[in-house]
Amino acid sequence: TSLAATASNPLTIASWAAVFAAASTAGIASTTGSAVAFVGGVGLGSMAWVTLLALGVAAARSRVGPRLLKTLDAAAGTAIVGFGGLLAWRTLREGS
């Protein structure tokens, strides 16, 4: 499910297209072997990042109490609502 959600994200598609276009222009993927190595390296790099992120969250989770977690949740929710409001305001302003 997460792979499909990630693969259907337009920004993700655009960023991966840019990465592979740059690699093609630089000649990194000029042979089949180098292309496979490049894709494998990108996959391993992505997996390493997600692993480090999960380990960091797991380590921080033991130090975060319920009160701080509620505060962080409220701040994140407020930020999402704020960005949504800003997007709506800009859309309405540019549409008229």
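Q: Which residues form a nonpolar patch on the surface?
A: This is a predicted model, where local features need pLDDT of at least 70, side-chain atom pairs count only at pLDDT 80 or more, and totals for chains, interfaces and linings use all residues. Residues are numbered from 1 along each chain as its sequence is written, and side-chain values use heavy atoms, with hydrogens and water left out. A nonpolar patch joins side chains of Val, Leu, Ile, Met, Phe, Trp or Tyr within 5 Å, each residue having over 30% relative accessible area and no salt bridge (a Lys or Arg side-chain nitrogen within 4 Å of a carboxyl oxygen of Asp or Glu). Together the members have about 310 Å² of accessible area (Shrake-Rupley method, 1.4 Å probe, only the protein chains shown counting as cover for residues), and they are Trp-16, Val-19, Phe-20 and Val-39.

Q: Which helix gives the most to the nonpolar patch?
A: Helices here are DSSP runs of H or I with at least four residues, numbered from the N terminus. Trp-16 is found in helix H2. With 3 residues in the patch, the top contributor is helix H2 (residues 10-26).

Q: Is Phe-38 buried or exposed?
A: Buried means under 20% relative accessible area, exposed over 50%, and partly exposed in between, with a 1.4 Å probe and protein chains only. Phe-20, at 33%, counts as partly exposed, and so does Trp-16, at 32%. Phe-38 has a relative accessible area of 18%, so Phe-38 is buried.

Q: Which residues form one aromatic cluster?
A: Rings of Phe, Tyr and Trp (its six-membered ring) pair if their centres lie within 6.5 Å; planes under 30 degrees apart are stacked, over 60 edge-to-face, and the rest tilted. The count by this rule is 2 aromatic pairs. In one of them, Phe-20 and Phe-38 sit edge-to-face, 5.3 Å centre to centre with 85 degrees between the planes, and this pair links helix H2 to helix H3 (residues 32-61). The cluster is made of Trp-16, Phe-20 and Phe-38.

Q: How many of the 96 residues, in percent, count as buried?
A: The protein chain exposes about 7800 Å², with carbon and sulfur atoms supplying 73% of it. The buried part of the 96 residues comes to 4%.

Terms used:
Patches are made of residues with over 30% relative accessible area and no salt bridge: like charges are joined within 9 Å, nonpolar side chains (Val, Leu, Ile, Met, Phe, Trp, Tyr) within 5 Å. Helices (H or I, at least four residues) and strands (E, at least two) are DSSP runs, numbered from the N terminus.
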